[in-house]
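This report describes how two chains of an assembly meet. The sequence and the structure come first.

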Amino acid sequence: MTSLDHLADRQEILDLLATYCRGVDRLDLDLVRSVYADAGVDHHTGFDGTADEYVAWLARALPLLDGTRHVLGTHWCEVRGDVAAAETYGTATHWGTPASEPALNFTTGFRYVDHLVRERGRWRIAERWAVREWARSDAEDRLPVPTSGPRGDRGPDDPMTQLLARL
Amino acid sequence: MTSLDHLADRQEILDLLATYCRGVDRLDLDLVRSVYADAGVDHHTGFDGTADEYVAWLARALPLLDGTRHVLGTHWCEVRGDVAAAETYGTATHWGTPASEPALNFTTGFRYVDHLVRERGRWRIAERWAVREWARSDAEDRLPVPTSGPRGDRGPDDPMTQLLARL
Amino acid sequence: MTSLDHLADRQEILDLLATYCRGVDRLDLDLVRSVYADAGVDHHTGFDGTADEYVAWLARALPLLDGTRHVLGTHWCEVRGDVAAAETYGTATHWGTPASEPALNFTTGFRYVDHLVRERGRWRIAERWAVREWARSDAEDRLPVPTSGPRGDRGPDDPMTQLLARL
């Protein structure tokens, strides 16, 4: 029978993975840093190094794009005491100006393979392998996003950021 | 330590969000209405008003399409007593006839930003901002769906609707 | 109030669905077989038969592709004692050589409709309807995956397989 402790670990790990996405997509790099262990390491396409170096790399790379969306899906996780291994499928959409530029407008399919540790009572990523498996250009097919309706923002004007402030 | 109450809230909120998708995609508008609070409000691209008005708008808009799929992904939720804020990434595919028509065949990437409340013991959406972030035409690339194999239906012939009736 | 038993059932069923994806995508057909009940049945586009026959069919079909990704999303599940019905949205990407061949490079949108049973204390799929709803060719838009950075593998060299072995 699955225990409450196990379910709590699973939820906390899922929340950590979502926090990473929120950090990258809202350009909140302190939030990104917070999901890694103190001595965290990240292996990405185009990057390999410590969590501190990764955040510095993101600080240079992300502003070249108008926005990103890191959509997580299938998630599988094995918890063993204070360590865990998780495999989480994701699809990331990147968009930029001009919309016809393939290097700025593309979708990637990947799996995050995460070695997680409980550090000071909280789950964190000790080591991540971002396994890119597939990529597609969106340059030919991008449609304009209407200017009416709720709009996202990487900064304090984002509707979620505003809702959290009001809650 | 995460409590059972918190885990139950999180599961109930996730189920509510899935119920919304099922309602829209199966054209079950009573189900859609049921996920909003009595005084629920929705802000969408092309719509802004009460939950009642939103459902009336869907009743006109959805039949113009042959079908929709609202696929949820990354989910982040902060519960504070009887209110909560949730951010849920989604990708929606819309298809229609003819398959070559971009206005009927497109995919959108969005985040649902939801202000949730516990109303009569059940979580409901008090206010939703559907933040559209990205869109792509599928008109050039649609492939026909084979006529053999299990087929979906917006009405009572859908395999899930039939399975639920038998369970 | 949602009980611990219900939450445990829900987590176990989600894990089962993720295990299926991992089995197909890593070409681990024993793992695929393990998610079905002894007398399991599967209805797919292009296949209809027992779980044993389905695994034999996958053993012939999957090696024709270079890889697959089965990304699950919206999940809805009703548990009634030792049986359950689940509807799980998914998006599957298939890729092959040459990248320009539409029959090997396409994305499908589907819902898994699952009749689940508790068999020898563990949830399993008694009957699955894989309802294909939408498909798109990726042949025109495939981008090459860089050779640097973490790479996936269907066999023992996959980063997740290696992490699990070390844990």
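Two strands pair if DSSP finds at least two bridges between them. The model is predicted, and the pairing described here is between chains. Strand β7 of chain B (residues 142–143) is joined to β6(C) by two bridges, and the strands run antiparallel. The bridge partner of B:R142 in β6(C) is C:R136.

The contact between the chains involves 35 residues of chain C and 34 residues of chain B. On the side of chain C that touches chain B, two or more residues come from each of α1, β1, β3, β4, β5 and β6 of chain C. Of these elements, β6(C) gives the most, with nine residues.

| Class | Residues of chain C on the side that touches chain B |
|---|---|
| Nonpolar | 14 residues |
| Polar | 12 residues |

The relation between the two copies comes next. Chain C is superposed on chain B by a rotation of 120° with 0.0 Å of shift along its axis, at an RMSD of 0.0 Å. The two copies are therefore related as by a three-fold rotation axis. The C-alpha of C:G73 is the one nearest the axis in chain C, at 3.1 Å from it.

Which surfaces do the copies meet through? Only 9% of the interface residues of chain C are also interface residues in chain B, so the copies meet through different surfaces.

Key: Residues numbered from 1 in each chain as written. Chains lettered and ligands numbered in written order. Predicted model: local features only at pLDDT ≥ 70, side-chain atom pairs only at ≥ 80, totals over all residues. Contact = placed C-beta atoms within 7 Å. Helix = DSSP H or I, 4+ residues; strand = E, 2+ residues; numbered from the N terminus. Nonpolar A, V, L, I, M, F, W, Y, C, P; charged D, E, K, R; others polar. Least-squares fit on C-alpha atoms with pLDDT ≥ 70 in both.
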